[in-house]
Amino acid sequence: MTAPSPAPDASWGPPVIRTIAMPADTNPAGDIFGGWLMAQMDLAAGNVAARRARGRCATIAVEGMTFLQPVVVGDEVSLYAHIVSVGRSSIRIQIEAWRRARESEETIKVTQALFTFVAIDENRRPRPVPPGPAGSSPA
């Protein structure tokens, strides 16, 4: 039996999102579609950005996404977030996605990416991110 792999460093806190990969999330070959996984990561990052910005945010960039391992139907997918930096109107958030097979305790990192968001107002124009602790976590 393989010992469980550690999830991200404990300073990342609990998963922002935990979901199950379902048959509807597959590509024509029957594998979990990379676009589904990226969408889950964007949802997680968007949740963290909106909480830190105390309002609406828009994704403006995704950097460095590489698929390290596949996700299969039935896997539990956990998405962890870490705020990397906060600018005047932008927030950069590192997201890591980890999978766990239903019958296992082993977790495996499947991808990561750096998401950049801009806080926006009711007219969808950039607005300042309110002051907060430097590198404040989503929790």
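This is a predicted model: local features need pLDDT of at least 70, side-chain atom pairs count only at pLDDT 80 or more; totals for chains, interfaces and linings use all residues.
Student: Which residue in E3 is the bridge partner of Ile17?
Tutor: Strand E1 covers residues 17-20, and strand E3 covers residues 76-86. The two run antiparallel and are joined by 4 bridges. In E3, the partner of Ile17 is Leu79.

Student: Which element gives the most residues to the largest nonpolar core?
Tutor: The largest nonpolar core has 27 residues, and Leu37, Met41, Leu79, Ile93 and Ile95 touch the most other members. At least two residues of this core come from each of helix H1 (34-53), E3, E4 and strand E5 (107-119). With 8 residues, the element that gives the most is H1.

Student: Which residues does Met41 touch, not counting those up to four places away in sequence?
Tutor: Met41 is among the core residues that touch the most other members. With residues up to four places away in sequence not counted, Met41 touches Met65, Leu79, Ile95, Ala97, Thr111, Gln112, Ala113 and Phe115.

Student: How many residues apart in sequence are the parts that the pair Glu76 and Arg18 ties together?
Tutor: Side chains of opposite charge can pair when their charged atoms come close. Glu76 forms a salt bridge with Arg18, and their closest N and O atoms are 3.9 Å apart. Because Glu76 lies in strand E3 and Arg18 in strand E1, the distance in sequence between the parts tied together is 58 residues.

Student: Is Glu76 buried or exposed, and what is its relative accessible area?
Tutor: The cut-off for a buried residue is under 20% relative accessible area, whereas an exposed one is over 50%. Glu76 therefore counts as buried, with a relative accessible area of 17%.

Student: Which residue meets Arg99 in a salt bridge, and where does that residue lie?
Tutor: The side chains of Arg99 and Asp75 meet at 2.4 Å, N to O. This pair links distant parts of the chain, 24 residues apart, with Arg99 placed in strand E4. Both Arg99 and Asp75 are buried. The partner is Asp75, in the loop between strand E2 (57-67) and E3.

Student: Which residues are linked with Arg100 in a network of salt bridges?
Tutor: Glu76 stands opposite Arg100 in E4. Arg100 also forms a salt bridge with Glu76, the closest N and O atoms being 3.3 Å apart. Arg100 lies in strand E4 and Glu76 in strand E3, so this pair ties together parts 24 residues apart in sequence. The network links Arg100 with Glu76 and Arg18.

Student: Which backbone oxygen lies 2.8 Å from a polar atom of the side chain of Arg100?
Tutor: Arg100 counts as buried, at 18% relative accessibility. Leaving aside neighbours within four places in sequence, Arg100 is in contact with Asp75, Glu76, Glu105, Glu106 and Thr107. A polar atom of the Arg100 side chain lies 3.3 Å from the backbone oxygen of Arg102. At 2.8 Å from a polar atom of that side chain is the backbone oxygen of Ser104.

Student: How many salt bridges does a search of the whole structure find?
Tutor: The pairs include Arg99 with Asp75 and Arg100 with Glu76. Another pair is Glu76 with Arg18. For the whole structure, the number found is 5.

Methods. Residues are numbered from 1 along each chain as its sequence is written. Side-chain values use heavy atoms; hydrogens and water are left out. Two strands pair if DSSP finds at least two bridges between them. A nonpolar core is a set of buried Ala, Val, Leu, Ile, Met, Phe, Trp, Tyr and Cys residues joined through side-chain atoms within 4.5 Å. Buried means under 20% relative accessible area, exposed over 50%, partly exposed in between (1.4 Å probe, protein chains only). Contact means heavy atoms within 4.5 Å. A salt bridge is a side-chain nitrogen of Lys or Arg within 4 Å of a carboxyl oxygen of Asp or Glu. A polar contact is a pair of N or O atoms within 3.5 Å; within protein, one must be able to donate a hydrogen and the other to accept it, and residues adjacent in sequence count only if both atoms are side-chain atoms.
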